[in-house]
Amino acid sequence: FDRIFGPSETDFERWQKAISASQLYNCVVLIKGHFTLIASAGKAWFNTTGNAGLAKGGSGDVLTGMIAALLAQGYSAEAAAQLGVYLHGTAADIALENQSQESLLPTDLIQTIGKAFQQLHAINR
C-alpha cells in the first residue's frame, strides 16, 4: 500500500489514505493487519476475526483466492472483500483448535475454510 500511495506516519493516516483512495478510484482497498481494514466508496470496516498466525507468507494469497472465488460466484467487490476477510480470519481462529499461532500455515487455513462457512451458516439460522 505504501509503495502505491506513499508512506504514512501512523496507521490512522494509512487508513485515511485507503478510505480516500477507495472513493477516488471507485475500488475496494484492503489493508491486512491486526484488524484488517476494508475500504469501499469512502467508507471503512474493520474485521475482528483472525489471529497473529496469519502474519506469515502465503496467508494473503489464501485471502486473495477466497475473495476471487466469491467474486466469481457473483458477490460484489465490497461484499466479497468483507466476507472473504471475515471467513479468512474465522478459518484461522478455527485452525487454532488444533495448533498454535506459531505453527499455523496457509494450508491449515485452506483445510478450515469449510468449517468457517459452517460457522457462518449456524450464526445466520
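1. Let's start at the turn. Strands E2 and E3 form a hairpin with two residues between them, and alanine 41 in that turn has a positive phi of about 55°. Helices (H or I, at least four residues) and strands (E, at least two) are DSSP runs, numbered from the N terminus. Keep in mind that this is a predicted model: local features need pLDDT of at least 70, side-chain atom pairs count only at pLDDT 80 or more, and totals for chains, interfaces and linings use all residues. Residues are numbered from 1 along each chain as its sequence is written, and side-chain values use heavy atoms, with hydrogens and water left out.

2. Serine 40 stands opposite lysine 43 in E3.

3. Now the whole sheet. It is open, has three strands in the order E1-E2-E3, and its pairing is antiparallel. Strands E1 (28-31) and E3 (43-46) are the edges, each pairing on one side only. From one strand to the next, the twist averages 15°. Angles here run from 0 to 180 degrees between N-to-C directions, with axes as lines fitted to C-alpha atoms, for helices over the stretch in contact.

4. E1 also pairs with E2 (residues 37-40) in the antiparallel sense, over four bridges. In E2, alanine 39 is the bridge partner of valine 29. Helix H2 (residues 11-24) packs on the sheet and touches E1, E2 and E3, its direction making about 30° with that of E2. Helix H4 (residues 77-95) also packs on the sheet, touching E1, E2 and E3, at about 20° to the direction of E1. Contact means heavy atoms within 4.5 Å.

5. How do H4 and helix H5 (residues 106-123) cross? Their axes come within 7 Å and cross at roughly 110°. H4 and H5 are therefore roughly perpendicular to each other, a label for angles of 65 to 115 degrees (under 35 is roughly parallel, over 145 roughly antiparallel, the rest oblique). Among the residues making the contact are Leu83, Tyr86 and Leu87 of H4 and Phe117, Leu120 and Ile123 of H5. By class, this contact has 13 nonpolar, four polar and two charged residues. Ala, Val, Leu, Ile, Met, Phe, Trp, Tyr, Cys and Pro count as nonpolar, Asp, Glu, Lys and Arg as charged, and the others, Gly among them, as polar.

6. Next, the largest pocket, which holds about 230 Å³ of space. Its lining has 17 residues, with Gly33, His34, Thr36, Asn51 and Leu54 nearest the centre. H4 gives the most to that lining, with three residues. By class, the lining divides into six nonpolar, ten polar and one charged. On a 1 Å grid over the protein atoms alone, a pocket is an open set with protein on both sides within 12 Å along at least five of seven lines, a cavity is a set of points where a 1.4 Å probe fits but cannot get out, and lining residues have an atom within 4 Å of a point.

Notes
Two strands pair if DSSP finds at least two bridges between them. Grid points are joined across faces, edges and corners, and a volume is the space filled by probe spheres set on the points.
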